[in-house]
Amino acid sequence: MLEVKDLMVFFENALALNGLSLTVNKGEIVGIIGSNSAGKTTLMNTLSGLIIDMRIKEELRGGERISVYGKVLYKNKDITLTKPDERVKMGIVLSRERHPIFPESSVVENMKIAGYLRTKKEIQETMQYVFELFPGLTKYKKKRAGFLSGGEQQMLAIGMALIVRPEVLLLDEPLLGLSPMMQKSVVDAIRDLNKSIGITVILSEQFARPVLPMIDKGYVVENGMLTLSGTGQELMDNPEIKAAYFGV
Amino acid sequence: MKKRKERIDRGIKARSGDIFALSSYREMMYLSAPRFVPIIGFLILPLLLGVYWQKVLLSVAVFALLAISWDILAQTGMVSLGQALFFGVGAYITGALNHYWGVPPFISIPLATIFGGIICTLMLLPVLRLRGIYFSMVTLIIPLMLVRVIEATKIFGGTEGLTGMTPLPSRWVEVYLVIGIMLVCLFGFRRMMDSDYGLVLRGICDNDRSVINAGINIYWYKTQALFIASSIGAFAGALMTHVYMFVGMPVFALDYSIFPIAAVVVGGPGTLAGATLGACLLVPLSEALRGFGGLRIVFYGIFLVVFTVAIPEGIFPYVQRKYNEFERWVEVDK
């Protein structure tokens, strides 16, 4: 479904991603595991096309020059140069790191903005589904999103990505800053999404313990390079992974 | 094999960036030339120019001062639309002192600089807590309001203005005084913005809550920045009053608010040198275009648009980058 070939991303002279290749099949949950500055967010931005926008903005400001080499294939079509909004129409939707939402709008309004591409009926249906998925959000429907707690904002951010009805959902650190309880409910929700609607999910995470049990395939990224890959079980049994990402 | 353009600091820059252990005239030149070119240029130019262009140079320096004052405020996170307020208050203070009490210019100008700064700071003190567009709105409105106050109450000569100021001793004193002060402001405040004090000011612009978290009273620092910026503007106004030997309502004109912003945008924000460079380009350009009559503003506008679209980062940062770094093609390897 989604294929990345020899991806290299430079931020000026610094190499953020180095010869990264990975394949994602339909209906899989794929985890990208890596520590700080491993290149997880850069990979997510490249997959969603946001890096094209960043490149143009930096160029105008005379800042860092961002160069991307390699290929991103989606359904066997080269989308390396496709703009982020086009990619959303094709079905690739990213929920960015640190749950960016519209703080001045209410929860329902947030979802309506995010679902601009869909019809009213579709939005209603998906919203219903999102509130079933995250029951915690239901009582805040009319509340301004900026006043929600971090975990609720994260749920809302995922909900906003779902409203677009993606085929591939990119989640950049969905568990960042959440309590173990919240982490569990988000993980359960992701698994539920994958099982019930069959969305392909790619998620990046630093702390591997809650993520590894649910993923079909995992890639471990270090300094922009792929160091290990395997199924969730394989990675869980790997002593190096245990030492580095399990905190034991 | 794919190729990629690489940006590297020049050798001299890399060697001279941290330690000033210079080994050759070339390296000394490399460091000092960008500083000496504007200094020597500004000091020699009045000798070469005729009376008319000397006046243009004078207004270049005055607008450069206003642009520096705007840039200092902008770097502290206060986007002002009212440089005319500082200019006008300075102008009226020195005008009143000179007209009513006969204070000589060399005393009234420094007085106007300091008291102009204090008065403007006090006027803007209540809105210091406002951010972004709200602060801009208030700074835009106050000078427009003051004009009407003067018109309605007929204080300070009302619509006629005050005339018969004591001129400065000669046109050489005028031009070298303003150029000297401008150069001192440019290099002095550039150094200030690079010091720890400037770091706090720039931090307020970046993320004011983090600065509060560092245990710093941002309003006190903002007040200081406001005082510095308004003093610079007040000096420019006071000096121009004695050059024109007149002070009236035009000192609160919108030109003095908008022009410095255009200069900073063209020259490059956040460097102060960019502000000066912008004024050096825009003021003579606006004079040179006088031949076009009514179309002058059109050409001027086209120039502004072309520049902001072509080099949005500003001329100075662009030139600075080209001076300090070079680019070369390298192979992308794994």
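Tutor: Let's settle one term before the close look: two residues are in contact if their C-beta atoms, placed from the backbone, lie within 7 Å. This is a predicted model, where local features need pLDDT of at least 70 and side-chain atom pairs count only at pLDDT 80 or more, while totals for chains, interfaces and linings use all residues. Residues are numbered from 1 along each chain as its sequence is written, and chains are lettered from A and ligands numbered from 1 in the order in which they are written.

My pick is B:T276, which sits in helix α12 (residues 273-288) of chain B; helices (H or I, at least four residues) and strands (E, at least two) are DSSP runs, numbered from the N terminus. With 29 other C-beta atoms within 10 Å, B:T276 is buried (20 or more such atoms within 10 Å makes a residue buried, 12 or fewer exposed, anything in between partly exposed, with C-beta atoms placed from the backbone). Leaving out residues up to four places away in sequence, B:T276 touches B:A64, B:A67, B:I68, B:L186 and B:G267. B:R328 is another story: 52 residues from B:T276 in sequence, and 31 Å away C-alpha to C-alpha.

Zooming out to the chain, 37% of the 334 residues of chain B count as buried. Chain B has 14 helices and 4 strands. Its radius of gyration, taken over C-alpha atoms, is 22 Å, close to the 20 Å from the globule rule for 334 residues, so chain B is as compact as a globular protein of that length (the rule is 2.2 Å times the number of residues to the power 0.38). Among its contacts between residues at least 6 apart in sequence, 77% join residues at least 24 apart. As for confidence, the mean pLDDT of chain B is 88, and 96% of its residues reach 70 or more; pLDDT is the predictor's confidence in each residue, from 0 to 100. The model scores ipTM 0.74 and pTM 0.85.

Another helix of chain B worth a look is α5 (residues 105-124): its 20 residues should span 28 Å at 1.5 Å a residue, and its end C-alpha atoms are 27 Å apart, which agrees (the expected span is 1.5 Å times one less than the number of residues). Its buried residues include B:I109, B:A112, B:G116 and B:L124, and what covers the buried residues of α5(B) includes α4 (83-101), α6 (133-153) and α10 (218-244) of chain B.

Then there's the partner chain: 12 residues of chain A are in contact with 12 residues of chain B. On chain A, the elements giving two or more residues to that side are β1 (2-11), β2 (14-24), α2 (50-61) and β4 (66-74).

Four strands of chain A form an open antiparallel sheet in the order β2-β1-β4-β5 (strands pair if DSSP finds at least two bridges between them). β2 and β5 (77-78) of chain A stand at the edges with a single partner strand each, so one side of each has no neighbour in the sheet. β1(A) and β4(A) pair over 8 bridges in the antiparallel sense, and A:V4 has A:V72 in β4(A) as its bridge partner.
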